[in-house]
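Here is a short note for a colleague who is new to this structure. Please keep the model open while reading.

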Amino acid sequence: MARVRTGVRAVGAVLVAVLGASLVGCSSTGGKRAEDARKAAQASGRAAVDTPRWTFAMITHSGDGDTFWDIVQNGAKQAAVKDNIKFLYSHHDEAQQQAQLVDAAIDKKVDGIIVTLAKPDAMKAAVARARKAGIPVVTVNSGSAESKEFGALTHIGQDETIAGEAVGDELNERGRKKALCVLHEQGNVGHEQRCEGAKKTFKGEMKNLYVEGTNMPDVQSSIEARLQSDKDIDAVVTLGAPFADTAVKAKEGANSKAEIDTFDLNEKVAGGLKSGSLGFAVDQQPYLQGYEAVDLLWLYKYNADVLGGGKPVLTGPQIVTKDQAGELEDYAKRGTR
């Protein structure tokens, strides 16, 4: 499958027995059977356990239309079917409103909360209120450094600094000399860590470009303007899959030869890798983040199990290139990669 950058700890160990039959093997026949079984189980709402029908709420910092979170939800919903869980999802890209959504879940007396900590300072009190109410919390995707301090059971995601370092290493291998790191959500600590990690290992020069991620025309014009003004830029790194295609359009508009690379994988990114319009992607396996978050809350409720030993459970990074794109494209099309 996708290769793991040297220095990234063994992510594979985290994946053992996570998805069971749903991702059996890589053969087209086995994969199709597993997918058919997954769809049938989800459609019928058939649980694999007879534990009480607990309610788990996931509250993220996603903005509207971000396909990354569709993949996270797909994983969470599949685990919820298996574990006889009623799954609730809500989101807001403003931290104060996200915290209010956590409060709303507490008021509903849910049995478990999954939350992102993209802006941890604004979320700390809300997580504390959940813990005071006796509701177990798992953090996912962002906030690995704060998760334990805030009292969460565990954190599931990639270490953003390590992921950034992997990007710097990959850019070095590709002979890049001047790179642009495009941050689409100001104040998101994970995004800052990605760019800082990349700068740490990249032997060339890397500059940050802040854009308004909710305004794609602005994103495109900002990248295009920078590429037009600096023809030495030979790599653009976007921090989310939806922005990769916009960066490709900006490159074309600026008549630039810069390679476009991105964090995160979806169907469009897999297609871009396959066609060569994108150089590489950093996959943090969002389906696995959602699946494991629900499953670990269920394990805690059922058996007081906690995974990670006080450390984050890593789901990435994996560097995906054209060589692996075809293999992962079918999974991306069905919404699980």
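1. Basis. This is a predicted model, in which local features need pLDDT of at least 70, side-chain atom pairs count only at pLDDT 80 or more, and totals for chains, interfaces and linings use all residues. Residues are numbered from 1 along each chain as its sequence is written, and side-chain values use heavy atoms, with hydrogens and water left out.

2. Confidence. pLDDT is the predictor's confidence in each residue, from 0 to 100. The protein chain has a mean pLDDT of 89. Of its residues, 87% reach 70 or more. Residues 1-30 are another matter: pLDDT stays under 50 there. For that stretch the model has 52 contacts (heavy atoms within 4.5 Å) beyond four places in sequence.

3. Overall make-up. The protein chain has 13 helices and 12 strands. These are DSSP runs numbered from the N terminus: helices are H or I with at least four residues, strands are E with at least two. Of the 337 residues, 54% are buried, meaning under 20% relative accessible area with a 1.4 Å probe, protein chains only. Among contacts with a separation of 6 or more, 74% link residues 24 or more positions apart. The accessible surface (Shrake-Rupley method, 1.4 Å probe) is about 14400 Å². Carbon and sulfur atoms hold 48% of that surface.

4. The parallel sheet. Six strands make an open sheet, ordered β2-β1-β3-β4-β5-β11, with parallel pairing. β2 (86-91) and β11 (313-314) each have a single partner strand, so one side of each is left without a neighbour in the sheet. Two strands count as paired if DSSP finds at least two bridges between them.

5. Strand β3. On one side, β3 pairs with β1 in the parallel sense over four bridges. M58 has I114 as its bridge partner there. Three bridges join β3 (residues 112-115) to β4 (residues 137-140), also in parallel. Here I113 stands opposite V137, and I114 stands opposite V138. Which way do the residues of β3 point? G112 and I114 point one way, I113 and V115 the other, and all are buried. In a regular strand the side chains alternate between the two faces of the sheet.

6. Helix α4 (residues 95-107) lies across β1 (55-60), β2 and β3. It runs at about 175° to β1; angles are taken between N-to-C directions, from 0 to 180 degrees, with axes fitted to C-alpha atoms, for helices over the stretch in contact. In α5, the buried residues are P120, M123, A126, V127 and A130. They pack against α4, β3, β4, α6 (144-147) and α8 (189-201). Just after α5, G134 has a positive phi of about 80°.

7. The mixed sheet. A further open sheet of six strands runs β7-β6-β8-β9-β10-β12, with mixed pairing. Its edge strands, β7 (205-210) and β12 (318-320), pair on one side only. Neighbouring strands in this sheet are turned by 25° against each other on average, direction ignored. Strand β10 (residues 281-283) joins β12 through three bridges, and the two run antiparallel. D283 has Q318 of β12 as its bridge partner. Helix α9 (residues 216-229) packs on the sheet and touches β6 (178-183), β7 and β8 (235-238). Its direction makes about 145° with that of β7.

Notes. Buried < 20%, exposed > 50% of the residue type's maximum accessible area, 1.4 Å probe, protein only.
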